[in-house]
Amino acid sequence: MLCEKRFHPDTHYMMEMELLENDNRLGEKGNYIRKFLSEPEYLPILQKQEKHLIKIKRQAIVQKGNLRYIPPPDRTNRRRERDLL
């Protein structure tokens, strides 16, 4: 289903993640989940990865009803470090 009605109008991101710790809101340790997020929900998920509570496997930006995949934050940081060296 590839149309603009596929996602809620507030949806800006999609993330697939593995839970590294139990989380009452997301699930149990070891679960692999996909979440569709609004702009305000996105930053707390990134903070969870920084605290090593989750591991982001794939993420995408929702544009015109389609997913545009982007590298997870940790891959982007490694790529920048490699380019600097």
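Predicted model: local features only at pLDDT ≥ 70, side-chain atom pairs only at ≥ 80, totals over all residues.

Reply: Residues are numbered from 1 along each chain as its sequence is written, and side-chain values use heavy atoms, with hydrogens and water left out.

Me: How many aromatic pairs does a search of the whole structure find, and why is the pair of Tyr-13 and Tyr-42 called stacked?

Reply: The search finds one aromatic pair. The ring centres of Tyr-13 and Tyr-42 are 3.7 Å apart and the planes are at 10 degrees, so the pair is stacked. The rule is that rings of Phe, Tyr and Trp (its six-membered ring) pair if their centres lie within 6.5 Å, and planes under 30 degrees apart count as stacked, over 60 as edge-to-face and the rest as tilted.

Me: What makes this a link between distant parts of the chain?

Reply: Tyr-13 is in strand 1 (residues 11-19) and Tyr-42 is in helix 1 (residues 39-50), 29 residues apart. Helices (H or I, at least four residues) and strands (E, at least two) are DSSP runs, numbered from the N terminus.

Me: Is Tyr-42 buried or exposed, and how do you know?

Reply: Tyr-42 has 13% relative accessibility, so Tyr-42 counts as buried. Buried means under 20% relative accessible area, exposed over 50%, and partly exposed in between (1.4 Å probe, protein chains only). Tyr-13, at 14%, therefore counts as buried too.

Me: Which residues is Tyr-42 in contact with, leaving aside neighbours within four places in sequence?

Reply: They are Tyr-13, Met-15, Leu-37 and Gln-59. Contact means heavy atoms within 4.5 Å.

Me: What makes a set of residues a nonpolar core, and how many residues has the largest one?

Reply: A nonpolar core is a set of buried Ala, Val, Leu, Ile, Met, Phe, Trp, Tyr and Cys residues joined through side-chain atoms within 4.5 Å. The largest has twelve residues, among them Tyr-13, Tyr-42 and Ile-33. Strand 1 gives the largest share of this core, four residues. Ile-33 is at 17% relative accessibility and therefore counts as buried.
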